[in-house]
Amino acid sequence: MRSFFAFFKKEILEFARSGKLTILGILFFAFGVMNPAIAKLTPWMMEMLSEELAQSGMTVTEVAVDALTSWTQFFKNIPMALIAFVLMTGGTFTKEYESGTLVLMLTRGLARYKVVLAKAAVLLTVWSAGYFICFGVTYAYNAYFWDNSIAIDLIPAVLNWWLFGVMTVALTVFFSVIANGYGGILCLTGGAVLAFYLASLIPKLTEYMPTTLMNGMNILVGAVDASDFNACAAITAVITVALIALSVPIFNKKQL
Amino acid sequence: MDILTIRGLEKRFGDKKVLCGLDLTVPEGSIFGFVGRNGAGKTTTMKAVLGLMRPDGGEIFVAGERVSYGQTPTNRYIGYLPDVPEFYSFMTPREYLRLCGETMNMPRAEIEERSGELLELVGLGGERHRIRGFSRGMKQRLGIAQALLGQPKLLICDEPTSALDPIGRKEILDILLSVKDRTTVLFSTHILSDVERICTDAALLEGGRIAMQGSIEELKGIKRAESFKIEVLGGAETIAKAFPDAKAEPDGSIRFEGGEDKIFEVLDFIGKNRIPFSKIEREGASLESLFVEVAGK
């Protein structure tokens, strides 16, 4: 257990000293501020555009903005934050393959599964911290400007999206032990998410695909019930655990 | 007792057979020079010993335990220094050694004590900077410190001196020599003077097999054809007539097979006939000539 934490600490230190932790912190915070800011600016922007719109025959009536407008922005923008996160952290294994730094750790008896689990745990921690910073900031502004209580089942919806992010992190770990290059990992992770998305377009499969977890807005406005996502969330959790569990034996046999 | 035993090791890369039935034993307490030309398979052999490469055949024992690929428990006996060691460059040497110690489950106090001692030994005691800015020689020295941290029974160094300047080389050799009471040292090299300087034993890897192995004294004592050559400034025909076994070399000199007696015989003849010459060179009993002879076969 001690060697696991030693490696975990090393990963965190690397994130911190390379500046990635700061950048990700700023990024998630900025996304958190952006959601209510855009909502707040919407009426003003509409007003600016109203003259143009009037010329083309559209009349702008008063635009009502509330917490739901801001939450819509949250669910629209958080995929960008996840993509940025994957781009910034996708090289955590390949960097070590390329430089050969892992060899010295493994030849002194550090068990390989601890490397996989420590790296996965760090990615998960950083993703969770970032995600909930973003959520917290948006929540606080929304509470200040409007009223969060009009969003139905906010917490399940937000947790669903977090779980989708967790699965994406597990995908990058899994593809990191298979592929040797950063580009390959990004392509495979992106490809897997795209495959889930395409499969979810088939109506019979929709409620079972992890990408469906991203439709949190539907819960907030009451279009669907939060419990409708239970199957999907369970499947996503199983996929996540399976990906990590499979990564260990594959990494054990990997030529370094 | 032998700390490392390799039997019938084979490894193929595609069509190319790098190792074909390599046998090697490293006695405990030795400084073992593992010699071979570039691409002979030295690194491949070492990686197989460390369980980093799956061999196509043969078996390896470290301290009597069989080595397995992938998860390799025998690595607890081994300290390893790769040819170009790479460390986490965002750490200081102290932090790196602490990480090494913690991954080996060493007690905290022991880590602190041994890191201090080892960094002192390799001349990095006062180094507070991050590894990022280290020179090759400094990295090599830190590499030895990390390899020795776990008090290994066997220290494996892959070409530790090859990329260094003469001063850096001397420093590394001195360090290796100074640890010989604590551990067995196995190091690969193609620099034979390094072997002669510090090794107690050596083996020559050639054509995927061990062509020769033994203690330095044994190897130097191997009887083999001695020879010498003379560069004459004329009169070569006279010599050729008197010594039909002498061979003309491409560089214009004449080569004779034989030792002391032969030299004096030839010198007598040259003196009597007053044949002018510029140089006499004996091909001495160095490891270099021995290995060149064996490798050239």
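**View 1. Where helix H2 of chain A meets helix H3 of chain A.** A:Lys20, A:Leu24, A:Leu27, A:Phe28, A:Phe31, A:Met34, A:Asn35, A:Pro36, A:Ile38, A:Ala39 and A:Thr42 in H2(A) touch A:Thr69, A:Ser70, A:Gln73, A:Phe74, A:Asn77, A:Ile78, A:Ala81, A:Ala84, A:Phe85 and A:Met88 in H3(A). Contact here means C-beta atoms, placed from the backbone, within 7 Å of each other. By type, that contact splits into 14 nonpolar residues, six polar and one charged (nonpolar covers Ala, Val, Leu, Ile, Met, Phe, Trp, Tyr, Cys and Pro; charged covers Asp, Glu, Lys and Arg; the others, Gly among them, are polar). This is a predicted model, with local features needing pLDDT of at least 70, side-chain atom pairs counting only at pLDDT 80 or more, and totals for chains, interfaces and linings using all residues. Residues are numbered from 1 along each chain as its sequence is written, while chains are lettered from A and ligands numbered from 1 in the order in which they are written.

**View 2. The geometry of that helix pair.** Two packed helices are described by the angle between their axes and the distance between the axes. H2 (residues 20–55) and H3 (residues 67–89) of chain A pack at about 160 degrees, and their axes are 9 Å apart. Axes are lines fitted to C-alpha atoms, for helices over the stretch in contact, with angles running from 0 to 180 degrees between N-to-C directions. So H2(A) is roughly antiparallel to H3(A) (under 35 degrees counts as roughly parallel, over 145 as roughly antiparallel, 65 to 115 as roughly perpendicular, and the rest as oblique).

View 3. Chain A has 11 helices and zero strands; helices (H or I, at least four residues) and strands (E, at least two) are DSSP runs, numbered from the N terminus. Along its principal axes, the C-alpha trace of chain A spans about 70 × 45 × 35 Å.

**View 4. Chain B up against chain A.** On the chain B side, 23 residues are in contact with 25 residues of chain A. Strand E6 (78–81) and helix H2 (93–103) of chain B are the elements giving two or more residues to that side, and the largest share, four residues, comes from H2(B). The chain B side holds 13 nonpolar, seven polar and three charged residues.

**View 5. Strand E1 of chain B and its two neighbours.** Nine bridges tie E1 (residues 2–13) to E2 (residues 16–27) in chain B, and the two run antiparallel. Strands count as paired when DSSP finds at least two bridges between them. Look for B:Leu4 opposite B:Val26 in E2(B). The two strands make a hairpin with two residues between them, and B:Gly14 in the turn has a positive phi of about 65 degrees. E1(B) also runs antiparallel to E4 (residues 57–62) of chain B, with five bridges joining them; B:Ile6 has B:Ile60 as its bridge partner in E4(B).

**View 6. The six-stranded sheet of chain B.** This open sheet has the order E6-E7-E8-E3-E9-E10 and mixed pairing. E6 and E10 of chain B are the edge strands, each pairing on one side only. The twist averages 15 degrees from one strand to the next. E3 (residues 31–35) and E8 (residues 184–189) of chain B run parallel, joined by five bridges, with B:Ile31 standing opposite B:Val185 in E8(B). Helix H4 (residues 136–148) of chain B lies across E6 and E7 (154–157) of chain B, running at about 165 degrees to E6(B).

**View 7. The two domains of chain B.** An automatic or database domain assignment sets the bounds: domain 1 is 2–221 and domain 2 is 227–296. Their C-alpha centres lie 41 Å apart, and the contact takes 11 residues from domain 1 and seven from domain 2. On the domain 1 side, H6 (192–198) of chain B is one of the elements giving two or more residues, and H6(B) supplies the largest share, three residues. That side has seven nonpolar, no polar and four charged residues.

**View 8. The four-stranded sheet of chain B.** The strand order is E12-E13-E11-E14, in an open sheet with antiparallel pairing. E12 (247–248) and E14 (277–283) of chain B are at the edges with a single partner strand each, so one side of each has no neighbour in the sheet. Two bridges connect E12(B) with E13 (residues 254–257) of chain B, and B:Lys247 has B:Arg255 as its bridge partner in E13(B).

Note on methods. Two residues are in contact if their C-beta atoms, placed from the backbone, lie within 7 Å.
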